[in-house]
Amino acid sequence: MGKRIVEIRRRANTTNLPDNIYEEAKQEIGPAFSSNGKTATGLSLDEVKLFMPKVINIPESDNSFYQEVERYFANLSFDVPKTGVQLEIGIDSNKMPVNVEDFVKYRFALANPLVAGHGTKPNRSHRFVIVDIAAAKEAEYETLKLQKEAYKEFIKLTGDTDRMDMVLRVFNVNPKKLDAEDKELRLEKILKSDPAGFLGIATNKDLEIISMINECISKEILRKVGNAIFNADENIGNSMDEAVLYLKDKQNSGVYTMLKARLESF
């Protein structure tokens, strides 16, 4: 596996303290306790036997080993400055941590209820978050690629007023109330807040039908109950995808024509 860096960061200020005081205040991760009343180490018994002799310089065979391990974790704490703390948690080819002390600190932090592990959404009780640096970088780059693709479609849309209006309707924006500049500004706002959703709609081959269904719902020509869509009392789909398939079916071409006519009458 090799090297792998994580960073423990403070959460953003959610207290009543001014930001400058909050940032300068000392914040540290210290011992937490498990259900048996002992200090939570975050390590299994096998890991304690394997890793801790290298940390406390006492062999596992020594009679005082487990007492000293308990003492070590009971006294372990480390400061998390506003710039964060980086730890090396990689595993080498022998299945040993590249940096044993960093790995032990990482597991110790994970066992603390004040710390949200990487991939975990922080809640109100969390004061710290652990970020996988490589994974975070990869996620940021994937988001950047998505945004670039979305902007390509955005440029195409700005040259096609009809499709621009269709996309706006799908996102519950009435294009008739906007001038050309406002339409572009609203579309870019949608793109920035949800690039994946924007890209999915802008490139959808059924955009025209989806837009028409949304407009019919907004004008109460169709009804939406939960996710189901009704034409009068007839359920034409339990989701948008099903409603699209219904209206694409040649057997229902009469319904499609009627809906378009009703829209035009508005």
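How exposed is aspartate 179? Aspartate 179 turns out to be partly exposed, with a relative accessible area of 42%. (Buried means under 20% relative accessible area, exposed means over 50%, and partly exposed lies in between, using a 1.4 Å probe and protein chains only.)

## Before we start

This is a predicted model, where local features need pLDDT of at least 70, side-chain atom pairs count only at pLDDT 80 or more, and totals for chains, interfaces and linings use all residues. Residues are numbered from 1 along each chain as its sequence is written, and side-chain values use heavy atoms, with hydrogens and water left out.

## A negative patch

Back to aspartate 179: look for it in the loop between helix 6 (161-170) and helix 7 (180-193). Helices here are DSSP runs of H or I with at least four residues, strands are E runs of at least two, and both are numbered from the N terminus.

On the surface, Asp179 gathers with Glu181, Asp182 and Glu184 in a patch of negative charge. For such a patch, residues need over 30% relative accessible area and no salt bridge, and like charges are joined within 9 Å.

Now for strand 6, residues 128-132, where 5 of 5 residues are buried. Phe128, Ile130 and Asp132 are on one side and Val129 and Val131 on the other, so to speak a strand covered on both faces.

Strand 1 (residues 5-10) runs antiparallel to strand 6, joined to it by 5 bridges; glutamate 7 stands opposite valine 131. Strand 5 (residues 115-116) pairs with strand 6 in the parallel sense over 2 bridges, and here valine 115 has phenylalanine 128 as its bridge partner. Two strands count as paired if DSSP finds at least two bridges between them.

## Salt bridges

The whole structure has 16 salt bridges, each being a side-chain nitrogen of Lys or Arg within 4 Å of a carboxyl oxygen of Asp or Glu. One of them links arginine 71 and glutamate 68 at 3.3 Å, N to O. These two sit 3 residues apart in helix 3 (residues 65-75), so about one helical turn separates them.

In helix 5 (residues 133-157), glutamate 153 and lysine 156 are also 3 residues apart, and their closest N and O atoms are 3.3 Å apart. Glutamate 153 is buried at 16%, whereas lysine 156 is exposed at 55%.

Helix 7 holds glutamate 188 and lysine 192, 4 residues apart, about one turn of the helix. Salt bridges that share partners also join Arg169, Glu215 and Lys219 into one network.

Terms used
Patches are made of residues with over 30% relative accessible area and no salt bridge: like charges are joined within 9 Å, nonpolar side chains (Val, Leu, Ile, Met, Phe, Trp, Tyr) within 5 Å. Accessible areas come from the Shrake-Rupley method with a 1.4 Å probe; for residues, only the protein chains shown count as cover. Lys and Arg count as positive and Asp and Glu as negative; His and the chain ends are not counted. The place of a charge is taken as NZ of Lys, CZ of Arg, CG of Asp or CD of Glu.
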